Each structure stands twice: as structure tokens, then as C-alpha cells.
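The paragraphs below begin with a single side chain and then widen to the chain.

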Amino acid sequence: EISACLVGSEMCIRDRAKRDCVRLVKHHIELNFGKTVNGVKLRKKNALIHGPSGCGKTEIWRQLSEITGIPVIIVDASSLSPTGYKGKNTDELARDIWLRCGKDIEKAGSVILVLDEWDKIGGNDPDSTVRRFRQSLINDLLTFIEGGLVPFKENQISPDTHYLDTHNITCLLYTSPSPRD
């Protein structure tokens, strides 16, 4: 069904890449609907997806979301900041996911999260301040990648703290080849 959705579009996604994406969605669905193997619950899987700009990395996940009904949240990772710095951090990301899922915490805990531009935060910068900033951000995002609880408030004055359980969120880390590749 994915191939039918992509017919006529100018994409360079190969059949193997599409197959791998469908397998990841199948695993995501099984993870979120309690499938077990020999009585053991499946563990989350994430993926690092590497490809040039414009090749269809994002579009295939939009199509899969439309076909399956699984919310796919696409975030520019380079726009995020570590906790304690000015800018959008992980608690705001958790709140945004929750809001996009209609304040349904169960649905928010079962999305597919695309962290686009992942390579922009993982570079080895000679400036130690930039390196520390990037490392702090990556450490904060590990809660989404590895699974954990991310506390957030509905707004700055809200007394109630909500917790997004990220154990069933599939994370896709998008990278593009550098000019040297």
C-alpha cells in the first residue's frame, strides 16, 4: 500500500528503505498493542535514517501516518535547547506532543517522533561551550530515545505536572550527508 501512495511522486526511496520503514511501523504497532514473544513484552526500537535532503525521508512517514492513523510528530532537532537554556526544551516538546494528541496522554505516549536535522546537534564543534550545549541537549533527548518519564506542565502557571511515558514512542533520527560524503 505504501508503494501505491508513492507512485507518481519524485522520490528516491528504494524498496528496501520502504520495507524497513513498514517493518518499524509493524513493530511500533505490536509494541503499543501489547504483543509479547514467549511472554516477554517487546522492547522499543528506534532508527537512524540517513539520506540527502529531498529524497522523501519525511514524506514516507507522513504517508505511513495517514495509512495507519499513528500520529507522527516531526520536530527540527536543531531548534531544541537543553533544560535551563532559553528555547524549546524536552518538557515543552512533551507538552507539544500531548497537545497535538488532543491532551490524550495514552495517545501521546504511542506516537512516532521524527527528530529531523539530528546531525546538526551531534557535530564535534571545536568550541567547548557549543560542545557542552549539544551534549546537554542529547542527554535530555535520551529520555525520549531510551524511554522514560518526561514531566511537563500544561502552561507556566499550571500547578499540575503531567508525565509523558516515552517507553512506547518510536524515535526516528534523521541525518543528511555532509558535503564531504
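Is Lys103 buried, partly exposed or exposed, in terms of relative accessibility? With a relative accessibility of 44%, Lys103 counts as partly exposed, where buried means under 20% relative accessible area, exposed means over 50%, and partly exposed lies in between (1.4 Å probe, protein chains only). This is a predicted model, in which local features need pLDDT of at least 70 and side-chain atom pairs count only at pLDDT 80 or more, while totals for chains, interfaces and linings use all residues. Residues are numbered from 1 along each chain as its sequence is written, and side-chain values use heavy atoms, with hydrogens and water left out.

The side chain of Lys103 meets that of Glu154 in a salt bridge, at 2.5 Å from N to O; the term stands for a side-chain nitrogen of Lys or Arg within 4 Å of a carboxyl oxygen of Asp or Glu. Because Lys103 lies in the loop between helix H4 (90–100) and helix H5 (105–108), and Glu154 in the loop between strand S6 (149–153) and strand S7 (161–165), the pair ties together parts that are 51 residues apart in sequence. Glu154, at 30% relative accessibility, is partly exposed. Helices (H or I, at least four residues) and strands (E, at least two) are DSSP runs, numbered from the N terminus.

Other pairs lie within one helix. Glu30 and Lys26 form a salt bridge at 2.8 Å from N to O, and, being four residues apart in helix H2 (residues 15–32), they are separated by about one helical turn. Glu30 counts as buried, its relative accessibility being 18%. In helix H3 (residues 57–68), Arg62 and Glu59 are three residues apart, about one turn of the helix, and their salt bridge has its closest N and O atoms 3.9 Å apart. Both of these residues are partly exposed, Arg62 with a relative accessible area of 47% and Glu59 at 25% relative accessibility.

A network of salt bridges also links Glu117, Asp119 and Lys120, and a search of the whole structure finds seven salt bridges.

These pairs sit in a chain whose secondary structure comes to seven helices and eight strands. Of its 181 residues, 40% count as buried. Among contacts (heavy atoms within 4.5 Å) between residues at least 6 apart in sequence, 67% join residues at least 24 apart. The chain exposes about 10600 Å², of which carbon and sulfur atoms supply 50%, the accessible areas coming from the Shrake-Rupley method with a 1.4 Å probe.
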